[in-house]
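Student: Could you walk me through this protein model? I would like to know how to read it before we get to the details.
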Amino acid sequence: MTDERARPGRRSRGKAPLDRDAEIHRLHRWESSAATDRRGGDIRRHTDVSTSAALDIPTRPDPAAPLSSVAQSGATGRATTSGPGRARRRRRRGLGTKALGAAGVVGMLLTWELLPLTGLVNARYLPPAHEAIGGLISNFGLTDFWVAVGDTMQAWALGMIIAVVLATVLGFIIGSSTFLRRFTNSTIEFLRPVPSVALIPLAVLLFGVGIESSLMLIVYACFWQVLIQVLYGVADVDAVAMNTARSYGLGPFARMRYVTFPTALPYVMTGIRLAAAVALILAITAQLIIGTPGLGAEIASAQSGGNYVSMYALVLATGLLGVLINLAMRIIERKILSWHSSVRTEVAA
């Protein structure tokens with residue numbers, strides 16, 4: 001008969017569990033003795049349930065063990081979540097994604113370059129890409145260009161701050177009350193689809209062509225982006241966690257701080273990231289149509305003067321500004337939500 005005590009992974013009922021070092025040593029010793037059997041087939045055919053349970057304990061992966069060892073892969077042959085192999089795959093996926101993104105940009109610029117050169121479009125109204133890029137590089141040395149960028153970013157930042165503060169405060173207040181959610185639901189669903197561009201005549205009548213008109217459009221568009229996300233975040237709070245907080249004697253503000261806010265924070269950050277892009281779009285649109293100082297006004301001036309190379313150079317500047325804003329918001333989101341599983345999964349992938 002087979003001695004049950006000799007089977008790997010078997011523990012005596014009367015003894016305390018083995019510590020980490022002893023268990024790793026036992027696994028390596030068993031692996032060496034079973035090397036011949038493993039060469040003939042899958043390791044899973046030479047292990048039983050107790051062995052699988054023992055090998056899947058938190059002692060693996062062992063940094064000192066070979067990549068093909070049991071301590072790295074376990075008796076079931078499943079790949080572990082760390083190790084040099086996974087790090088290499090992660091780097092390859094990251095490089096592949098960046099290469100595809102760069103290829104997409106190059107393809108777009110190449111198409112833009114060929115369209116006027118082949119005569120498919122009038123080169124006067126759509127100059128080649130290299131001319132627009134050259135105009136953009138030339139703008140970097142002009143003071144007026146940076147003044148326009150500063151005006152655009154000022155409207156963007158002020159509108160974002162006002163919209164985020166109002167939407168976050170009202171979202172937590174409305175979302176925490178069933179009565180307020182039902183009372184405001186119809187109003188929110190009616191006002192949210194109204195495009196901000198439709199409010200341009202009203203903004204001009206109220207504030208003229210100053211920055212206040214741009215702020216009105218930016219705040220209106222961004223407010224709904226953040227508010228809806230906050231309402232979803234507050235509604236996602238676990239009822240068990242809220243009842244537990246009440247049973248421990250936490251007041252309304254303490255429950256908001258320790259239960260509601262951490263749950264809703266990922267939703268809030270998503271709303272802010274979406275609102276950042278919308279705010280830039282509305283800032284450029286308001287400047288383009290109303291004439292508020294900024295990149296939009298410079299684009300309109302170049303278009304009316306027939307300077308199409310400068311116009312496309314400014315359009316590229318707005319696109320580059322949007323990319324930088326999006327990257328900055330993603331970095332901020334990852335820093336703030338470094339504890340959240342979605343960010344940790346994204347970083348690991």
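Tutor: Let us begin with a definition: a residue counts as buried when its relative accessible area is under 20%, as exposed when that area is over 50%, and as partly exposed in between, using a 1.4 Å probe and protein chains only. This is a predicted model, in which local features need pLDDT of at least 70 and side-chain atom pairs count only at pLDDT 80 or more, while totals for chains, interfaces and linings use all residues. Residues are numbered from 1 along each chain as its sequence is written, and side-chain values use heavy atoms, with hydrogens and water left out.

Student: Okay, so how many helices and strands are there?
Tutor: The protein has 15 helices and zero strands, where helices (H or I, at least four residues) and strands (E, at least two) are DSSP runs numbered from the N terminus.

Student: And what does UniProt say about transmembrane regions?
Tutor: The unreviewed UniProt entry gives the annotation "transmembrane region" to residues 95–115, 155–178, 190–211, 217–235, 264–290 and 310–329; such positions are given in the numbering used here, feature names are shortened, and annotations may be inferred rather than shown by experiment. In the model, residues 95–115 are 100% helix, with end C-alpha atoms 30 Å apart, and residues 264–290 are 96% helix, with end C-alpha atoms 37 Å apart.

Student: Switching topic: how much of the protein is buried?
Tutor: Of its 349 residues, 37% count as buried.

Student: What does Leu217 touch?
Tutor: Not counting residues up to four places away in sequence, Leu217 touches Ser196, Leu199, Ile200, Ala203, Leu282, Ala286 and Ile290, a contact being heavy atoms within 4.5 Å.

Student: Is Gln287 buried or exposed?
Tutor: Gln287, which sits in helix α12, is buried, because its relative accessible area is 1%. Its contacts, leaving aside residues up to four places away in sequence, include Asp151, Thr152 and Ala155. Gln287 and Ala155 are 132 residues apart in sequence, yet their C-alpha atoms are 9.8 Å apart in space.

Student: What about salt bridges, how many are there?
Tutor: There are two, a salt bridge being a side-chain nitrogen of Lys or Arg within 4 Å of a carboxyl oxygen of Asp or Glu. In one of them, the side chains of Glu189 and Arg192 meet at 3.0 Å, N to O.

Student: And the other pair?
Tutor: The side chains of Glu333 and Arg273 meet at 2.7 Å, N to O. This pair links distant parts of the chain, with Glu333 in helix α14 and Arg273 in helix α12, 60 residues apart.

Student: Why does Glu333 count as buried?
Tutor: Glu333 counts as buried because its relative accessibility is 11%, whereas Arg273 is partly exposed, with a relative accessible area of 21%.
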